[in-house]
Amino acid sequence: MGNKAFFLDRDGVMIEEENYLADPAKVRLCPGCAEALRRIARAGFRIVVTSNQSGIARGYFTFAEIAAVERKIVELLAAGNAPAPDAWYYCPHHVKGTVAQYVRECDCRKPRPGMLLQAAREHDLELSGSVMIGDKLSDLRAAFAAGCPSAALVLTGHGSEQKLEPLDRRYLVAGNILEAAEQLLALLKGEVR
């Protein structure tokens, strides 16, 4: 039996939404993020970030700048006594990009499940026992397409702009990442024997 994971979108879920964030100085954790990650880790789940980053295809920033933002997030989490995510996955692609090597339709850009499926292979994750927290319905669609039984939409980031509509599976709506983590952990305790 594999490990179970919480898949987390990055911008608007873990950190405050900044349009095409490339500057680590602008990184701010969303309210409740450090506590949410502490609770998720304490419950025995892996923490895996899956984030569309079309700014790479668009030429707005590079993988080196994404890595610098990632380091800043880890530093802020450590300051809050929270664990760093176990893995980070990014989709750099976009059909309207300007950087030729990243201009394409792909299987990793959410709502497609490619990043989650890759994470499952590389980290022995049991998708049927894993969940997603995102601020867009495309995050949740990716999770359901990958085989996750549940997910939560947070109202931070782009979450407040999303038109709530039925998806393949029922999903939760929460004010922020901490509320989402609490609700999903309670749900999983009821489901997982």
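Biologist: In which loop is the place of asparagine 81?

Modeller: This is a predicted model. Helix H2 spans 63-79. The place of asparagine 81 is in the loop between helix H2 and E3.

Biologist: Is asparagine 81 buried or exposed?

Modeller: Exposed means over 50% relative accessible area. Asparagine 81 has 64% relative accessibility, so this residue counts as exposed.

Biologist: What is phi of asparagine 81 near?

Modeller: Most residues other than glycine have a negative phi. Asparagine 81 is a residue other than glycine with a positive value. Its phi is near 55°.

Biologist: Where does tyrosine 20 lie, and what is its phi near?

Modeller: Tyrosine 20 lies in the loop between E1 and H1. Its phi is a positive value in a residue other than glycine, near 50°.

Biologist: Is tyrosine 20 exposed or partly exposed?

Modeller: Buried means under 20% relative accessible area and exposed over 50%, with partly exposed in between. Tyrosine 20 has a relative accessible area of 33%, so this residue is partly exposed.

Biologist: Which residues gather in the patch of negative charge on the surface?

Modeller: One of them is glutamate 18, in the loop between strand E1 (5-8) and helix H1 (33-42). Glutamate 18 counts as partly exposed because its relative accessibility is 31%, and residues in patches need over 30%. The patch is made of Glu16, Glu17, Glu18, Asp23, Glu65 and Glu161.

Biologist: Which peptide bond is cis?

Modeller: Most peptide bonds are trans. Proline 111 is in the loop between strand E3 (87-91) and helix H3 (114-123). With omega near 25°, the cis bond is that from lysine 110 to proline 111.

How values were computed:
Residues numbered from 1 in each chain as written. Predicted model: local features only at pLDDT ≥ 70, side-chain atom pairs only at ≥ 80, totals over all residues. Heavy atoms only, no water. Patch = residues over 30% accessible without salt bridge, like charges linked within 9 Å, V, L, I, M, F, W, Y side chains within 5 Å. Areas by Shrake-Rupley, 256 points an atom, 1.4 Å probe, with all protein chains shown as cover. Salt bridge = Lys/Arg side-chain N within 4 Å of Asp/Glu carboxyl O. Lys, Arg positive; Asp, Glu negative; His and termini not counted. Charge placed at Lys NZ, Arg CZ, Asp CG, Glu CD. Helix = DSSP H or I, 4+ residues; strand = E, 2+ residues; numbered from the N terminus. Buried < 20%, exposed > 50% of the residue type's maximum accessible area, 1.4 Å probe, protein only.
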